[in-house]
Amino acid sequence: MNNSGSMFDHPWLAYGFRPFFLLSALYAPVALIPWVGALLQQFTLPMALPPVAWHGHEMLFGFASAALVGFVLTALPSWADVPHLAGRKLAALVLLWLAGRVLFWLSAFVPTSVIALVNLAFPVILIVWAVPALLSASGRRHLSIGFTLTGYILVQALFYLVWLWPDALTGVSQIDLLNTAVNVLLILIALTASRIVRVVAMAARKEVGLSGPARLTPAREHLAVAVLVLFVIADFLAPGHGVTGWIALAAAAAQADRLSEWPWGKAMGRLYLLLLTLAYTWMVVGLAMVGIAALTDSLPSYTGRHTLSAGAMGTAILAVFCIAGLRHTGRSLILPRVIWAALISLFATAALRTLVPLLWPQNYLLAGVGLPFLFWAATYLLYLLGYVRFLMTARADGLPG
């Protein structure tokens, strides 16, 4: 059947980043509402999980998963020179993600097995689509992305396993698995930074009048990723253990060492590079805090977790949204001014979630939950304000995609 002129020809379905970046940004504040409402004792929605586990799932396997899939569907065709997903097939994947969200909101009334199957089908389909590209001649050097995605899906599957059979994994809770999912996303951030920073660092240096590419040592990048993988394994097997603490500190040091090679000075005034740098800086700080908490009694055990999620993960997602949203719609890397406000708002979110529980625990509900929620919502609403037109209209350069 000829789809010419149909709804599936709309620019919104022309490339994977378009619907998933938009839906992810829209869902970012929505996924927090039940948890915030319960904590502030304003309302409680019927759900099959405790509010914190429900919230964690929807942030990681709802909001972040949509962002991740949008990124992979866009980046992999560029890296491996394979056809991208568009039109009806992309629309079907979008509907599957939406079905997963609806089922989770109705979790009190729907069998857990159905919720698990639908939600797992979404990333599994992505992997099935990605395998031929990753095994192609030009895609093999990106196999690490595929392995990490597979690990992310495995953690999600284990979350459902523990939900269905609480004693299936002795000593492993759903919260432990949510922390592991965040850690796996850190590996993806580190891996994609290797690919993105080289491009945006060169653009930033050129804009400020510097010649030549940025000097980024592959060995230091590989070391940073390797130690991070070691931390993920240790934190899953022995969270809070002293050995895990030392590995966390080593991972923080390795990321800081890698960060030291990025183009500082005038180039850092370019917002797209600053976003990536802040995301990586939050990772360094979060890993250091996790390590210190495991080795001393000076910090609670949860310290650093929100630094890694709201700070590193949240900022990295915003950075990818902004950079890919311009490059893949045929526009130059000039971010809308509203993104400065979004960055400030996101920084406030991460800072409050990190510091309030430590320094002002008596104000936790207001300053550690309520205000961060408002700043988080503002972040992605500001992003939408600056980018929705780009995501919903044809490329500025007239090319397809």
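Here is a look at the pockets, the cavities, a surface patch and the salt bridges.

This is a predicted model, so local features need pLDDT of at least 70, side-chain atom pairs count only at pLDDT 80 or more, and totals for chains, interfaces and linings use all residues. Residues are numbered from 1 along each chain as its sequence is written, and side-chain values use heavy atoms, with hydrogens and water left out.

**Pockets and cavities**

Rolling a probe the size of a water molecule over the atoms shows where empty space is left. On a 1 Å grid over the protein atoms alone, a cavity is a set of points where a 1.4 Å probe fits but cannot get out, while a pocket is an open set with protein on both sides within 12 Å along at least five of seven lines; lining residues have an atom within 4 Å of a point. Points are joined across faces, edges and corners, and a volume is the space filled by probe spheres set on them.

| Space | Volume | Lining by class |
|---|---|---|
| Largest pocket | about 810 Å³ | 22 nonpolar, nine polar, four charged |
| Second largest pocket | about 340 Å³ | nine nonpolar, three polar, two charged |
| Largest cavity | about 290 Å³ | 19 nonpolar, one polar, no charged |
| Second largest cavity | about 50 Å³ | two nonpolar, five polar, two charged |

For those classes, Ala, Val, Leu, Ile, Met, Phe, Trp, Tyr, Cys and Pro count as nonpolar, Asp, Glu, Lys and Arg as charged, and the others, Gly among them, as polar.

The largest pocket has 35 lining residues, and Asn179, Arg305, His306, Ser309 and Arg353 sit nearest its centre. Helices that each supply at least two of its lining residues include H7 (174-207), H11 (305-327) and H12 (338-359); helices here are DSSP runs (H or I, at least four residues), numbered from the N terminus.

In the second largest pocket, 14 residues make the lining, with Phe71, Trp79, Ile196, Arg327 and His328 nearest the centre. Helix H3 gives the most, five residues.

Twenty residues line the largest cavity, and Ile189, Thr192, Ala316, Ile317 and Val320 are closest to its centre. H7 contributes the largest share of that lining, six residues. The second largest cavity has Arg305, His306 and Arg353 among its lining residues, and those names also turn up nearest the centre of the largest pocket.

**A patch on the outside**

Val30, Ile33, Phe43 and Leu45 form a nonpolar surface patch, with about 260 Å² of accessible area together. Patch members have over 30% relative accessible area and no salt bridge, and nonpolar side chains are joined within 5 Å; areas come from the Shrake-Rupley method with a 1.4 Å probe.

**Salt bridges**

The count is five salt bridges, each a side-chain nitrogen of Lys or Arg within 4 Å of a carboxyl oxygen of Asp or Glu. Glu58 pairs with Arg101 at 2.8 Å between the closest N and O atoms. Glu58 is in H3 and Arg101 in H4 (residues 87-105), so the bridge ties together parts 43 residues apart in sequence. Glu58 is buried at 0% relative accessibility, and Arg101 is buried at 5% (buried means under 20%, exposed over 50%, partly exposed in between).

Arg220 meets Asp257, with the closest N and O atoms 2.6 Å apart. Here Arg220 is partly exposed at 28%, and Asp257 is partly exposed at 29%.

Technical notes. Patches are made of residues with over 30% relative accessible area and no salt bridge: like charges are joined within 9 Å, nonpolar side chains (Val, Leu, Ile, Met, Phe, Trp, Tyr) within 5 Å. Buried means under 20% relative accessible area, exposed over 50%, partly exposed in between (1.4 Å probe, protein chains only).
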